[in-house]
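Trainee: I would like to go through this model with you. Could we begin once it is on the screen?

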Amino acid sequence: MSLIQGIHHYCIGLSYLCALLLELARLFWPGKGWRVAGLVFGAAGLFAHTAYLLFNQPSPAVPYGSLLLLAWVLALFYIYGTIHHAKQTWAVFVLPVVLGLIVASRVLFKTGPDSAAFDAAGWLTGDRFWASVHGVLILLTSVGVSVSFLASVMYLIQARRLRKKLAPVSALPMLSLERLETMNRRALNVAFPMLTVGLLVGTLLLPHGPSLGDNWLSVKVLSTAALWVVFLVLLYLRYGAHVPARRLALFSIAAFALLLVALVTAHPFAVGGAK
Amino acid sequence: MNLRAIGCNVESAAVELREKLAFDAAKTQKALAELNARFAAEAVVLGTCNRVEIYVSRAETVAPLHVPLMAEFLAEIHGLSASTIAPHLYEHADAAAAKHLFRVAAGLDSVVVGESQISGQVKEAYESALKLTATGPLLNTLFPAALRVSKRVRSETGIAQGHVSVASAAVDYVRQVFSTLTDKTVLVIGAGEMGRLALNHLTERHPAAVLVTNRSPERAAASAAECGGRAVPWEHLDDALVQADIVLSTTGAPEPIVTRRRFDDKVRRRRAGRTLLVFDMAVPRDFDPAIHDGDAVSVFNVDDLARVADERMAERRRHLPAAEQIVDAEVTKFVKEWNTRQDGPVIGQLNAEAEKIRDEILAALMTKMNGRLSAKERSEIEYAFRLFQSKLLHGPIAALKESSREGHSGGLREAIMKLFGLKG
């Protein structure tokens with residue numbers, strides 16, 4: 001137990017950082033060893049990350065908790081991608097986002113409105129049930145938006161190569177544009193209904209928060225609402241206006257920026273709610 | 001090791017001679033049988049379009065096979081004169097022969113550096129010799145090692161990355177854009193050779209449909225029949241362009257057949273933003289390069305593809321030093337392991353022989369000194385004899401091992417066996 005208690009943001013971050021450095025080394029000196037070593041570090045990071053989440057149970061309602069949970073889901077995505085798409089430079093794109101989220105989580109650890117722990121039993125019963133439904137849906141939306149962001153970044157790089165007529169599959173092997181576009185589309189298609197329902201539940205819960213006026217005008221609520229609007233625009237551009245995928249990728253990146261704003265700002269229900 | 005790699009390749013012999021020296025199945029069988037019977041040599045014949053090589057190994061006690069003898073042998077097999085063959089043959093001996101094979105298998109000695117076909121040809125040559133029981137302990141170790149080295153070089157360096165022909169560069173672009181072709185339509189405009197080659201590559205990925213169009217309906221029909229596609233009348237080119245995901249264009253038209261205006265007015269809008277890849281392999285060009293936007297429509301002409309192929313080749317060459325390093329390390333390892341394998345029984349026999357003599361002398365001494373020695377004195381004498389033996393043999397064994405490391409322990413091994421009266 002003391003070993004798990006000793007797990008810190010640094011241990012998790014350093015493991016992922018080593019995995020990233022090994023993956024970068026693979027780009028310059030191709031070889032199976034780098035990937036395997038990178039995966040070992042990545043898996044160690046994921047293990048430490050999981051243990052930390054299980055032991056500390058940070059609340060998804062506070063910035064540090066939500067960022068750490070999102071980083072965990074993306075770390076899973078990284079491990080899956082690295083194994084499933086062995087030849088692609090998957091980790092080089094996913095791990096910086098995971099690391100960024102961990103760093104942000106660390107920065108917001110003390111400065112956030114509270115560092116409340118997630119009380120699983122409490123969140124699943126009584127009047128907090130709907131709040132937990134809201135939290136889970138927003139977290140899943142975050143995963144969708146993050147996946148869409150990663151797919152969009154890779155898409156833009158791949159598309160730039162094509163526009164400049166650079167030699168394909170050179171130093172940075174990536175999935176095809178079609179595959180990245182499909183990944184982006186699916187992530188958004190799945191995330192939008194979840195965001196809609198999550199927002200709806202959150203809207204119904206807002207009047208029960210500590211201060212009604214402040215709740216509606218909080219940055220978190222406004223940025224999440226803006227995210228929903230961006231989603232709507234994205235869906236229209238894709239299915240209604242048939243806008244080229246490159247422009248959709250730019251919108252997806254904007255959606256991720258809004259998501260980050262929503263994640264790092266205080267949740268109306270968490271203000272003053274420290275345990 | 002008594003190994004020789006003797007042969008000719010694209011650098012040492014003209015294609016006319018290489019053609020005459022080519023081995024078919026019957027000649028291979030005959031050559032291997034003759035080499036076994038006549039020279040007591042284990043052998044493998046490696047014949048590709050760029051090289052004809054024979055790898056031969058004989059017992060260390062007999063003279064190796066050299067170029068003049070092999071030239072005569074090849075002349076006899078192919079019905080040529082030895083004097084026309086000999087000047088074009090090269091010879092690599094022992095470790096250098098192993099290195100040559102490792103380089104060949106890894107594609108480092110190929111015209112197209114890093115080409116993958118050669119490792120399959122090496123494997124095939126070895127397996128066919130193995131089937132004919134023409135190989136022995138050395139070649140049965142050497143060839144599997146060469147195939148391992150080839151795999152290592154390809155996986156640990158970028159030597160085999162990307163395609164290096166113009167037609168396959170087009171396929172690489174396709175892979176960069178589309179994950180599958182099973183729901184895509186390929187449109188072939190014209191009947192140029194380059195387009196046909198690119199189409200061959202693409203059809204390996206099973207496109208949903210292949211449309212072929214040509215100013216001459218007869219030629220369109222013939223080309224469509226050849227590639228299992230559907231002929232489209234030349235007048236319906238715009239409709240075919242709307243339908244297509246990939247276009248291979250190789251007409252001999254003196255002016256562009258698809259101008260930007262024509263494409264924007266009659267094709268672009270009807271495509272609803274779907275991605276189109278155009279490979280304009282015609283000179284003069286068939287498509288106005290201004291159509292390229294790198295997003296919905298990408299147009300690559302023959303210069304773009306040739307540039308990619310050249311870049312690929314340069315990129316492969318960049319990995320040559322790393323690949324050569326792997327080959328060198330593997331050759332050293334192979335030679336050391338082979339020699340150790342050969343030295344092991346000799347060292348074992350040497351030690352056993354010395355132990356036998358030591359035990360006999362000790363036994364005689366102990367009988368003579370019976371009762372006059374304490375247990376401690378007996379053990380000290382035994383220790384002194386053991387020490388003497390190990391110091392005496394240390395020199396020859398160390399020299400043998402050192403010689404093995406350097407890759408030429410054969411002569412010394414023979415000398416030790418003779419000096420100490422060991423049986424082979």
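Mentor: We shall take the conventions, then the chains, their contact and the sheet.

Mentor: This is a predicted model, in which local features need pLDDT of at least 70, side-chain atom pairs count only at pLDDT 80 or more, and totals for chains, interfaces and linings use all residues. Residues are numbered from 1 along each chain as its sequence is written, and chains are lettered from A and ligands numbered from 1 in the order in which they are written.

Trainee: How many helices and strands does chain A have?

Mentor: Chain A has eleven helices and zero strands. Helices (H or I, at least four residues) and strands (E, at least two) are DSSP runs, numbered from the N terminus.

Trainee: And what percentage of chain A is buried?

Mentor: Of its 275 residues, 42% are buried. A residue is buried if 20 or more other C-beta atoms lie within 10 Å of its own, exposed if 12 or fewer, and partly exposed in between, with C-beta atoms placed from the backbone.

Trainee: Where is confidence lowest in chain A, and where is it highest?

Mentor: The lowest is in helix α6 (residues 120-123) of chain A, at a mean of 53, and the highest is in α8(A), at 88. The score is pLDDT, the predictor's confidence in each residue, from 0 to 100. Chain A averages 79, and 81% of the residues score at least 70.

Trainee: Which residues of chain A stay under 50?

Mentor: Residues 111-118 of chain A do, and the model has 32 contacts for them beyond four places in sequence. Residues 271-275 of chain A are also below 50, with ten contacts beyond near neighbours in sequence. Two residues are in contact if their C-beta atoms, placed from the backbone, lie within 7 Å. Where pLDDT is low, the predicted coordinates should not be read in detail.

Trainee: Changing topic, how many residues of chain A are in contact with chain B?

Mentor: 20 residues of chain A are in contact with 24 residues of chain B. On the chain A side, α7(A) gives the largest share, four residues. That side divides into nine nonpolar, five polar and six charged residues. Here Ala, Val, Leu, Ile, Met, Phe, Trp, Tyr, Cys and Pro count as nonpolar, Asp, Glu, Lys and Arg as charged, and the others, Gly among them, as polar.

Trainee: What is A:Gln158 in contact with, leaving aside neighbours within four places in sequence?

Mentor: A:Gln158 is in contact with A:Met174, A:Leu177, A:Leu180 and B:Gln176, those neighbours left aside.

Trainee: On to chain B. In what order do the strands of the open sheet run?

Mentor: The order of the four strands is β2-β3-β1-β4 (chain B), with antiparallel pairing. Two strands pair if DSSP finds at least two bridges between them.

Trainee: Why is one side of β2 and of β4 left without a neighbour in the sheet?

Mentor: β2 (42-47) and β4 (90-93) of chain B stand at the edges, each with a single partner strand, so one side of each has no neighbour in the sheet. Six bridges join β2(B) to strand β3 (residues 51-57) of chain B. B:Glu42 stands opposite B:Ser57 in β3(B).
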